[in-house]
Amino acid sequence: MNLVQDLFTSRTLNRWLPRVAVVVLLAGVIVYVAVRWSNTATPLDTPVSSKPAVVPGPPPRETKLSAGARQVAAEFIHTAVARKNLAAAWAITGESIKAGTSYKQWLSGNIAVVPYPAAPDAGLSIQYSHRNDADLLFALTPQKGIKMKPQFFEMMLNRVGPPGKKHWLVTYWAPYSHPQVPYQGN
């Protein structure tokens, strides 16, 4: 009995006991918060089904780039990109590029198409070509007398419209370049 009484009247224990109590209390609060708020997932809104998963079909079949797609691509470069005959460019440009631009604004030349004074001949690489979409990579060189570097551009086309009246539209046009890798020579 004397040992227990001496323990509780000890100055060292009385000095450290509040500190130990605070540490235990903080540890308890941390554990409570971690358990209470660590799971941020919401319960499933839809019941789990025993039916087999829906697997997407095969990817679209590669096709030869159609003459119509080639013609629209060339016309886009010679009109919208060159900023010549913007009325013709309007007809072959998709809504993703027009992005709320009015026809009047489009004709002013202030459009969301990166301009480039391209020479008539351009290198073309077909990234992919499907029945209703294509991704093309152009290597454009500047017209004679214009001091600009050659530039790669990426163009995406989509075939839209009801059956029997399908036509190609340019839905993406942007400079294409790989990120520059810094070189520290020896």
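Biologist: Which pattern does the protein follow, read along the sequence?
Modeller: This is a predicted model. The protein has six helices and four strands. Read along the sequence, they give the pattern α-α-α-α-α-α-β-β-β-β.

Biologist: What span does helix α3 reach from its first C-alpha to its last?
Modeller: Helix α3 covers residues 67-81, which is 15 residues. At 1.5 Å a residue, 21 Å is expected. The model comes close to that, with 20 Å.

Biologist: Which residues of α3 are buried?
Modeller: Buried here means under 20% relative accessible area. In an α-helix, residues three or four places apart point the same way, because there are 3.6 residues a turn. The buried residues of α3 are Ala69, Val72, Ala73, Phe76, Ile77, Thr79, Ala80 and Val81.

Biologist: Which elements do the buried residues of α3 pack against?
Modeller: Packing rests on contacts, meaning heavy atoms within 4.5 Å. The helices among the partners are α4 (86-91), α5 (95-98) and α6 (103-108). The strands are β2 (133-140), β3 (151-160) and β4 (167-175).

Biologist: Which residue with a positive phi follows α3?
Modeller: Helix α3 ends at residue 81. The residue in question has a phi near 60°. It is Arg83.

Notes: Residues numbered from 1 in each chain as written. Predicted model: local features only at pLDDT ≥ 70, side-chain atom pairs only at ≥ 80, totals over all residues. Heavy atoms only, no water. Helix = DSSP H or I, 4+ residues; strand = E, 2+ residues; numbered from the N terminus. Expected span 1.5 Å × (residues − 1). Buried < 20%, exposed > 50% of the residue type's maximum accessible area, 1.4 Å probe, protein only.
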